[in-house]
Amino acid sequence: MQIPEGLNAALNFGLLDSIFTRRSRRFGLGMEIKEGTLKHKSRFEPVPLTELEEAFLIWAGTGMTGLSLGDMHKSGISWLFQWTGRSWPCSCNSHSTELFYTNDNGVYMVKLFNLMPEQGETAIFSGKSEEEKLEKILRLFRKSLINLQDGRADLPKGEPGLFDFNVWNTNKPGTTFLVPVTNITVEYIVLLFIYFGAKYGFNIIDELNGGRSCGLDKWINKGYIRNDVKMSLFDLELRVLTTLNVEQAFICQNMNLALQALGLGGWAFTGLLPHHALGLNPNHKGLGFRFITPEKTLRSIPSPIPVGKDGVFEALCPPYVKDMREAVDKFLKIRGDFWDEGNPYPYQNPQEILKDEYHPKEERIEIVKDFCSYVYENYGRFPAFLDPMFVRLVFQAHHLDLEFYDKYYKEGAYTELHKNHFKLWHPEINLE
C-alpha cells in the first residue's frame with residue numbers, strides 16, 4: 001500500500017500537541033444543523049474514512065502493543081489474568097473491553113482478547129520503520145476484525161434511545177461510529193479471587209436479603225472468610241463498576257487524541273442509551289446482543305439485561321453456561337490458557353516466574369463458586385446490579401466540514417492537520 005503523506009504527519013505529531021488541540025468537533029461533511037444560531041447545511045457529500053484511517057484510529061484506541069511487563073512482587077504477578085499489552089491500562093490485565101463499530105459498509109467487532117504478540121515482541125513496533133509499522137497495524141487489524149453484518153448498524157435515530165440533541169449528526173453516512181463494550185464478569189471474578197484470598201477473606205453481605213452473608217456462612221465457620229471484615233454486595237459491585245468503566249474512557253480518550261494526529265473530527269459522548277445501542281428495542285436492532293430477563297429476583301423490577309453477542313462475545317453467566325459454578329470453571333480455564341508455558345512472556349527467564357504461578361486452592365475456588373451461585377439464585381442474574389455486558393461511552397469519527405467552522409468560529413477552531421487533511425490523506429478528492 002502506498003503510504004499517504006498524512007500517515008507520516010500522524011506518526012510524527014507530538015503527544016502534547018494532541019492533548020492541547022483536543023476538542024470535540026462535531027460538524028462533518030454532509031451534515032446539517034437545521035435551526036438556531038449555528039444553522040448550516042454542508043454543501044459537500046459525506047466522505048467515509050479509509051481502512052487505514054480506521055485502523056490507525058482503532059489501534060491507537062485499543063490495539064495490542066506488546067506484552068505487559070509484570071514488574072512487581074510475585075504476589076502481584078500471580079493476580080495477572082493475561083500478559084498481552086494493549087494501548088490502555090487495565091486492572092489485573094484482564095482486558096475484557098472490546099470495540100464494536102459501524103460504517104457505511106457494515107458492523108464489525110475488533111476481537112483482541114485472544115490476540116498475542118509473537119515470541120520476543122515485548123513492544124511490537126520497536127525499531128520498525130514507518131512502512132513496517134503500517135504493515136503491522138493493518139495485518140493485525142484485519143486479523144482481529146469480525147464482520148457481523150453488511151450495512152450500517154440500525155441504531156436509534158431519536159427518542160427513545162438517542163437524545164434529541166445528538167440526532168442531527170450521530171451515525172450519519174460517512175461516519176465511523178464506535179461502541180466499546182465491557183464484559184463485566186471477567187474482572188468481577190478476578191476480584192472475587194483476590195477478595196476471598198487468604199490475605200483478605202472479605203465477607204460480602206446482602207442488604208436486600210436481611211444483611212445475610214452471600215452464600216459464605218459455612219466458609220466463615222471454617223475460618224476461610226472473616227466475619228469482622230464486611231462489605232455489602234452493593235459496595236462490591238460499585239468497586240467492580242468503577243474499576244471497569246474507566247476502560248471505555250481510556251479507549252475513547254486514546255481515539256480522541258488520535259483524531260488530532262489524523263486531522264479528523266469526532267467526539268466521545270453518552271447520548272445513546274446503552275441498552276438501545278446493544279439492541280433491546282425491537283424497533284432498532286442495534287448491535288444485536290442477547291438479553292435475558294430474570295424469572296425471579298430480590299430486586300423490585302426484573303429488567304432485561306444484555307449478556308452477550310452469541311458466538312463472539314459472551315459473558316461468564318447463563319445462558320452461555322448452565323450455572324455459575326460452570327462459569328467459574330470456564331474462567332479458570334481461560335486464565336490457565338493465558339499462563340501456558342509456550343505463550344510469549346516479557347521476561348528473559350519466564351520459567352522462573354511461572355514457578356510462582358498462583359493456582360487458587362480448591363477451597364477458594366469453592367468459595368467463589370458459592371458466592372456466584374448465591375447471586376444468581378437470588379437475583380436471577382450475575383452480576384446482581386450491573387449489566388454483564390456494559391456500555392456507557394460511544395465515539396464517532398468523521399471528516400470535518402471546515403466551512404462551518406470558518407463561518408461561525410474564530411481562528412483556532414481547527415488545526416493545520418485538519419485544514420490539510422484531504423491534501424495529506426486524499427489528494428484525489430477536491431473539496432473546492
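Strands β6 and β7 pair in the antiparallel sense over five bridges, where pairing requires at least two bridges found by DSSP between two strands. Strands are DSSP runs of E with at least two residues, helices are runs of H or I with at least four, and both are numbered from the N terminus. The model is a predicted one, in which local features need pLDDT of at least 70 and side-chain atom pairs count only at pLDDT 80 or more, while totals for chains, interfaces and linings use all residues. Residues are numbered from 1 along each chain as its sequence is written, and side-chain values use heavy atoms, with hydrogens and water left out.

On its pairing with β5, strand β6 runs antiparallel and is joined by four bridges. Here Thr102 is partnered by Val107 in β6, and three residues lie between the two strands of this β5-β6 hairpin. Strand β6 is mostly covered, five of its five residues being buried; buried denotes under 20% relative accessible area, exposed over 50%, and partly exposed the range in between, with a 1.4 Å probe and protein chains only. In a regular strand, side chains alternate between the two faces of the sheet. In β6, Gly106, Tyr108 and Val110 point one way, and Val107 and Met109 point the other way.

The loop between β5 (97-102) and β6 (106-110) holds Asp104, and the loop between β7 (145-150) and β8 (176-183) holds Arg152. The side chains of these two residues, Asp104 and Arg152, meet in a salt bridge with an N to O distance of 2.6 Å; the term covers a side-chain nitrogen of Lys or Arg within 4 Å of a carboxyl oxygen of Asp or Glu. The pair links distant parts of the chain, 48 residues apart. Asp104 is partly exposed, at a relative accessible area of 35%. Residues up to four places away in sequence aside, Arg152 touches Asp104 and others, including Thr102, Gly106, Val107, Asn171 and Pro173; contact means heavy atoms within 4.5 Å. Between Arg152 and Gly36 the C-alpha to C-alpha distance is 29 Å, with a separation of 116 residues in sequence.

By the salt-bridge rule, the count comes to 14. Side chains of opposite charge can pair when their charged atoms come close. Glu135 forms a salt bridge with Arg139, with 3.4 Å between the closest N and O atoms. Because Glu135 and Arg139 are four residues apart in helix α5 (residues 130-144), about one helical turn separates them. Glu135 is partly exposed at 43% relative accessible area, and Arg139 is partly exposed at 36%.

Another salt bridge joins the side chains of Arg325 and Asp370 (3.4 Å, N to O). Arg325 lies in helix α10 (residues 324-338) and Asp370 in helix α12 (residues 362-379), so this pair ties together parts 45 residues apart in sequence. Arg325 counts as partly exposed, at 29% relative accessibility, whereas Asp370 counts as buried, at 17%. Lys218 and Glu366 are linked with Arg325 and Asp370 in a network of salt bridges.

Cys317 is found in the loop between β15 (313-314) and α10 and is buried, at 1% relative accessibility. Leaving out residues up to four places away in sequence, Cys317 touches Val307, Met324, Ala327, Phe382 and Pro388. Cys317 and Lys355 are 38 residues apart in sequence, and their C-alpha atoms are 31 Å apart in space.

An open sheet of three strands has the order β10-β9-β11 and mixed pairing. Its edge strands, β10 (212-213) and β11 (230-232), each pair on one side only. Strand β9 (residues 203-206) and β11 run parallel and are joined by three bridges, with Ile205 opposite Ser232 in β11.

On the surface, Leu15, Leu16, Ile19 and Phe20 form a nonpolar patch with about 440 Å² of accessible area together. Accessible areas come from the Shrake-Rupley method with a 1.4 Å probe, and for residues only the protein chains shown count as cover. Patches consist of residues with over 30% relative accessible area and no salt bridge, like charges being joined within 9 Å and nonpolar side chains (Val, Leu, Ile, Met, Phe, Trp, Tyr) within 5 Å. Leu15 belongs to helix α2 (residues 15-21) and is exposed, at 58% relative accessible area.
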